[in-house]
Amino acid sequence: MAEVFLDDKIVSKAREAALQIAKDVVKEINSKTTIAVERAVVRLLGIEGETSDGVPWVNVITDKMLAHKLLDRGAAYWLVNAAIMTERSLQEVAEDVIFGKLDLTKVPKSNRQQLNRMMDLLAEEGLEKITTVRSQRAALRAQLGKGEEPLKYVIVATGNIYEDVVQAKAAVSQGADIIAVIRHTAQSLLDYVPSGTETEGVGGTLATKENFQVMRQALDKAGREAGRYIYLTNYCSGLCMPEMAILGAIEGLDIMLNDSMYGVIFRDINMSRTFIDQHFSRAILGFADVNINTGEDNYLTTADAYDKAHTVTASQFINEQFAILSGMVPEQIGLGHAFEICPDKADSFLYELAQAQMVRQLFPKSPVKYMPPTKYMTGNIFQGNVQNALFNAASAITHQSVHLLGMPTEAIHTPHLQDRYLSIANTNYVFHALKHFGDEIEFAADGIIQRRAAEVLANALDMLEEVANIGLMTAISKGMFADIARQVDGGKGLDGVVEKADDYLNPFENMLKEKGGKG
Amino acid sequence: MDLTRLKPYGDTPGDGMVQVSFTLPIPVGDEARHAALILASRMMLKDSKVVLMQPLDDSFTYFILYGHCDQTVDYTSIHVAKLDYQPMTPSDINSFIAEKLGRKITVIGACVESDAHTVGIDAIMNMKGYNMHKGLESYPQINAINLGAQVPSEELLAKAMEENADALLISQVVTQRNIHVKNLTRLIEILEAEELREQMVVIVGGPHITPELAKELGYDAGFGPGTYPEDVASFLVQFLNKD
């Protein structure tokens, strides 16, 4: 089997540096919470509802707490304390807060032990639903079995969830294993979770409970008919990361896109906000056994894929350590990478192979996700199909886990039905033709591929050691990832970051992390 | 060749050969093939042949077909609106600014409103640029400020006032249901309402942008796919010099 030689010492040093980087960030963010984390806590406590103009109750409650500077003790503290002292249910307490009938600060303090006991009880209750969904999903996956790796991942993005279903079903019948429903372009910066089914979205559909349900049911049906489990993907990113994690966990999603730095770099969301939200959201996803896909491929759309290949590797190590610190297990951490080297470069395919093979070996348990060419897709759909064929070959040879299919019409429009067909047919052909190719070849000792892998790994280690020295936040502010610089005190959502008080309470965090990905 | 009667050229002059592909929402079968051929003839294609009829699932069928187009175009009568500027190199642009304008110019870039895709604006603005063509940040005579994704029009204008901007570069990449037109129209309306429109050059770029569309929406210029930073800068400095 074709493998690249990777120096174990360099690999373990890289992992150590990444752990140091992640630990330093976690240490810094442990003293803070965010309004998004608190909204998630309120949701996990079972509080549901919307005002008549569609604002979720969890927003109304936490906005009030933020305005009155109460969030430093945690939303759970105030709600549970009031429930104990007024002997009413949490939902009733929430209702009174919403309608201004109850001033939480005026409620006497409950006995600390009683409060803690109640918290534990509510936390267990709150997580029960997630546990149930997790085992239902596991059972269906076991019953239907999954497709052959690399799993074929396609997107649907009509903006109408019912049309998305039609296209997803067609894709499944052609051989797709994973359906990702692309989200409405503006959602990442919405500071609340919307509701309802959507038929007129832009760039995709809103991620809502109702939309998730429509697609989940359709894919379960399509999977039963096709005789293999069909995975559903959506986004756990933006300003509502922890809440999206809960939504995904409860509605039975299999994969969510969740990167430690994507929001900072590409959506200009504040760093602290992103790291805190990401940390808690991954604890939820790990516990729910929803895999994450990280977004390193995106770096290469702005930075050069050859010169900056090591930034992808470095970021993979960092993303891995963040996820582990949140309680996830390697089998849940789908690290991202991409086939984006300029096609005019001589031997570009060899460099792609080196990188793809290295990712596979560095993260052997990770369901790594390989992303197709996008940057150099030109509108020549025929040439695009050839570029995708080489991408498919690299994936087959290096045995990737999750393979996002490139569309010949990339850079033109969201995929038409026939675009997806052409792409799946291309992929089926190449995967089939090269099924055991990777097992039959070896890479020449000291050849281009071997040297390239060693070079990228060494550069990644240098970068990780530098980042460990200066700290991740400083590194981002210097533009070390994706060639884009973001400032520590800049970006959206900073006003929702709150320093925790000494007696801050979040009943879920420790429970989630302790149980972690193993469930 | 008669350019007043221009036709597609496939294998021989004037054969009018055209390839078409599309999907019909019907199951595969002889009736489906017929439907595709009738559709082709209504597209003015003669003697069409279906070369591929492929079921996409049990309710969609994909066709590739070839036919002879007997329509012609009078090429000699075509006049296309083009942006009026001379392409310059980055170093010429910098000298032009220093000599003709006599001061550094400030350019603010943004993906406005719903658009979250910065690939276009980054290619024009950022140091690195695109395909070895460095972005406006690398021009010593240009103060280039890239505000990135999903910038509300109001925020962009506030920044433009603060920086006393000479030009706004607006990017719209992802669109559906013509949202890019709505976003672009909104920006111009706000500029006009605030009586700022005449104070700055406003340029739009993106895969769906043509010079005609840009003019129609009230922009000074529009750039489509394949535009490099120096194209935008050449236009901009020459336009500023005219004022």
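# Core, sheet and interface

Student: Which residues touch the most other members of the 170 residues in the largest nonpolar core?

Tutor: A nonpolar core here is a set of buried Ala, Val, Leu, Ile, Met, Phe, Trp, Tyr and Cys residues joined through side-chain atoms within 4.5 Å, where buried means under 20% relative accessible area, exposed over 50% and partly exposed in between (1.4 Å probe, protein chains only). In the largest such core of this predicted model, which holds 170 residues, the members that touch the most others are Ile179(A), Phe275(A), Leu472(A) and Phe481(A).

Student: What pLDDT do local features need in this model?

Tutor: Residues are numbered from 1 along each chain as written, chains are lettered from A and ligands numbered from 1 in written order, and side-chain values use heavy atoms, without hydrogens or water. Because the model is predicted, totals for chains, interfaces and linings use all residues, side-chain atom pairs count only at pLDDT 80 or more, and local features need a pLDDT of at least 70.

Student: Which residues are in contact with Ile179(A), leaving aside neighbours within four places in sequence?

Tutor: Contact means heavy atoms within 4.5 Å. With those neighbours set aside, the partners of Ile179(A) are Val154(A), Val156(A), Ala168(A), Ala171(A), Val172(A), Leu219(A), Ile230(A), Tyr231(A), Leu232(A) and Thr233(A).

Student: How many residues does the second, separate core have?

Tutor: Among the members of that second core are Tyr85(B), Val107(B), Ala144(B) and Ala167(B). The core is separate, and its residues number 30.

Student: On strand E3 of chain A, which residues are buried on each side?

Tutor: Helices (H or I, at least four residues) and strands (E, at least two) are DSSP runs numbered from the N terminus, and E3 of chain A takes in residues 178–181.

Student: Which residue of E4(A) stands opposite Ile178(A)?

Tutor: Two strands pair if DSSP finds at least two bridges between them. E3(A) is joined to strand E2 (residues 151–156) of chain A by four bridges in the parallel sense, and there Tyr153(A) stands opposite Ile178(A). E3(A) also pairs in parallel with strand E4 (residues 231–235) of chain A over three bridges, and in E4(A) the residue opposite Ile178(A) is Tyr231(A).

Student: What are the edge strands of the open sheet in chain A?

Tutor: The open sheet has nine strands with parallel pairing, in the order E7-E6-E5-E4-E3-E2-E10-E9-E8 of chain A. An edge strand pairs on one side only, and in this sheet of chain A that describes strand E7 (333–334) and E8.

Student: Which residue stands opposite Leu257(A) in E6(A)?

Tutor: Strand E5 (residues 255–257) of chain A and strand E6 (residues 291–293) of chain A run parallel and are joined by three bridges. Leu257(A) faces a residue in E6(A), namely Asn293(A).

Student: Which residues does Glu320(A) touch, not counting those up to four places away in sequence?

Tutor: Glu320(A) is part of helix H13 (residues 309–325) of chain A, and its relative accessibility of 8% means that it counts as buried. Apart from sequence neighbours, it touches Arg15(A), Ile333(A), Leu335(A) and Phe363(A).

Student: How far apart in space are Ile98(A) and Thr51(A), C-alpha to C-alpha?

Tutor: Ile98(A) belongs to helix H5 (residues 90–98) of chain A, and at 11% relative accessibility Ile98(A) counts as buried. Beyond its neighbours within four places in sequence, Ile98(A) is in contact with Trp57(A), Val60(A), Ile61(A) and Lys64(A). Ile98(A) and Thr51(A) lie 47 residues apart in sequence, while their C-alpha to C-alpha distance is 8.9 Å.

Student: What is omega for the cis peptide bond between Glu149(A) and Pro150(A)?

Tutor: Pro150(A) sits in the loop between helix H6 (112–144) and E2 of chain A. The peptide bond that joins Glu149(A) to Pro150(A) is cis, and its omega is about -5 degrees.

Student: Which value is phi of Asp347(A) near?

Tutor: Asp347(A) lies in the loop between strand E8 (336–338) and helix H14 (348–362) of chain A, and Asp347(A) is partly exposed, with a relative accessible area of 37%. Its phi is positive although the residue is not glycine, with a value near 65 degrees.

Student: How much area do chain A and chain B bury between them?

Tutor: Buried area is the accessible area (1.4 Å probe) that two parts lose on being put together, summed over both. The contact draws 36 residues from chain A and 22 residues from chain B. With 55% of it on carbon and sulfur atoms, the area buried between the two chains is about 2,300 Å².

Student: Which residues in chain A lose the most area to chain B?

Tutor: Three residues together account for 22% of what the chain A side buries. Those that lose the most area to chain B are Thr185(A), Gln418(A) and Tyr421(A).
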